Structure formats: structure tokens, C-alpha cells
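Please look through the report below with the sequence and the structure side by side.

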Amino acid sequence: MGISEIKKILSEATIDELRTLILDFETDERAGVIKLVESAKKRIAAFEAEVERTYRMKEYERKYENCRYICGIDEVGRGPLAGPVVAAAVVLPKDEDIYYLNDSKQLSAKKREELYDIIMEKAIAVGIGFSDEKCIDEINILQANYVAMRKAIAQLSVKPDILLNDAVQIPEVDIEQVSIIKGDAKSVSIAAASIVAKVTRDRFMVEMDAKYPDYDFASNKGYGSPKHLAALKEIGPCEIHRRSFIGNLL
């Protein structure tokens, strides 16, 4: 079998298939095949490390495994000068792992989009809540954050037995809550919520870029980038700017 054909077979193989294929090819003494086998072994090792990392990130899910529905909650958008704060509530299945879940800030935009699709396909329930710039200006960002989280919970198709929150206690919620510092890096449920919230908000800000192109929202997502700040000073704020955030800048 030619090296190019072996390369194609190995590149298209699943992890389980790779384990068998390595046994077939590791006796081949051609330098090209030896290199391909070593690469395949590294791929297997990397996946096994991810399986272990995912297991560690399910510590809280195992702790509360007697609960039927465990919901992770997280938000994005507390810091930008424009746009909403967006919260997501996600109930993941207990009988299936989703690998590579992590704090959305630790993932590339492409990986977030890939995982978003997987989460939306496999999750038992997903809820998303928005608090727009008017709400933020009226009641402050912290309270608006809580409003968005309560909206996300209300959007779920099932009622959670417990909420795993990223470092907050949400007022006016009649469900047991567990606040986890840096929870989006310690719980798969919170990580999934972090990804859903981030992708949802980023897509919204790209839409707003088409409506308000001067502020470069597609790139900065509402944060104070140099181009964004320059536009603010030159033409002033648009409809989705948070007036309570930009007063000093203007």
C-alpha cells in the first residue's frame, strides 16, 4: 500500500479505528509510514488527555448526579460599551460526553461555533436570555445580568433540579444554586452555557455591525477598541450603546 493511501486511511479514521490500524502499520519500516504512525499515536494520546480533562470537568456533575436535571448558567457581555448582556442556561445529557468544552474565552471562534452546534443538537434543554442596553442603563449591569439569567432559566423546556452558576447567586430563583468560582473552566455544564451565550451575543453584534457599520461591531463585539472609541468621539453613540458606560468617554 502506498504512503499517500495510508495517510488518507489514518487521517479519516476514528480514534478507535486508529488503535487497530496502528497495529497493522507499525511494522512497516518505510520512514514515511513510521512518521504517520507516530502522528497517529500522538492523536490518540491527545484524545485520551481530553477524555481525562473532560472527566475532571464533570466533578460537580458527578457530585449532584442524583439530580435529574443539572443546569449550567453563564453570561457574556458585562464589559462592552454597546450591546446586550446575554445569559445561557444549558442542561446536558448525563449519558453522553461532549469533548473540548471549556471557558468560551479559551476557545477559538471556529471551535466555539463547532461546539455551539453540538450543544444545541445534544442538550436536553437550552435557554437564552437578553438584557439590552436600556435595561443595563436603568438598573445597572449586575442587576441586568441577573435579569438575563432568570430569562434564560425561564426559557428552558425542563425545570432544573440544581443550578451550577459561574461565581454568582441569582436572586429571585426558587431552585437550589451552587456558585463555582471560574466555573466555566470547572464544569462542563457551565462551559456549555458560556459557549452558547458567547456565540449568541457575537452573532447579534455581527448583525448590529450591518446596521451600524461605523463602530466595527463585527470585530470588537462592542468592546472599546481604538476604532470603536474613535467612532464614538467622532459621531457619538448609536442606539445600542450603554449610556451609563460611555459618559466619561464622551
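## Nonpolar cores

The largest nonpolar core has 24 residues, and those with the most contacts inside it are C71, I73, V91, I153, L163 and I170. A nonpolar core here is a set of buried Ala, Val, Leu, Ile, Met, Phe, Trp, Tyr and Cys residues joined through side-chain atoms within 4.5 Å, where buried means under 20% relative accessible area, exposed means over 50%, and partly exposed lies in between (1.4 Å probe, protein chains only). Two or more residues are given to this core by each of β1 (70-76), β2 (85-91), α6 (133-139) and α7 (141-154), and the largest share, seven residues, comes from α7. Helices (H or I, at least four residues) and strands (E, at least two) are DSSP runs, numbered from the N terminus.

Leaving aside residues up to four places away in sequence, I170 touches I73, Y146, M149, R150, I153, N165 and Q177, a contact being heavy atoms within 4.5 Å. Apart from this core lies another, of 21 residues, among them L92, L101, L107 and V199.

## How the model is read

This is a predicted model, in which local features need pLDDT of at least 70 and side-chain atom pairs count only at pLDDT 80 or more, while totals for chains, interfaces and linings use all residues. Residues are numbered from 1 along each chain as its sequence is written, and side-chain values use heavy atoms, with hydrogens and water left out.

The buried residues of α3 are V33, L36, V37, A40, I44, E50, R53 and T54, and they pack against α1 (3-12), α2 (15-25) and α8 (188-211).

In helix α10 (residues 226-235), the buried residues are H228, A231 and L232. They lie on the same side of α10 because they cover an arc of only 100° around the axis, the arc being that of the directions from the helix axis to the C-beta atoms. On the other side of α10, P226, K227, K233 and E234 are exposed. The buried residues of α10 pack against α9 (217-220) and α11 (243-246), and the helix is followed by G236, whose phi is positive, near 85°.

## Cysteines

Searching the whole structure finds zero disulfides, a disulfide being a pair of cysteine sulfur atoms within 2.5 Å. The sulfur of C67 is 12 Å from the closest cysteine sulfur, in C71, which is too far for a bond. Likewise, the sulfur of C238 is 17 Å from the closest cysteine sulfur, in C135, again too far for a bond. C67 is buried, with a relative accessible area of 16%, and C238 also counts as buried, at 6% relative accessibility.

## Salt bridges

The whole structure holds 20 salt bridges, each a side-chain nitrogen of Lys or Arg within 4 Å of a carboxyl oxygen of Asp or Glu. In one of them the side chains of K122 and E96 meet (2.7 Å, N to O); K122 lies in helix α5 (residues 109-122) and E96 in the loop between β2 and α5, 26 residues apart.

K211 forms a salt bridge with E239, the closest N and O atoms being 3.9 Å apart. K211 lies in helix α8 and E239 in the loop between α10 and α11, so the pair ties together parts that are 28 residues apart in sequence. K211 is exposed, with a relative accessible area of 51%, whereas E239 is partly exposed, at 45%. Together, E133, K134, K211 and E239 are linked in a network of salt bridges.
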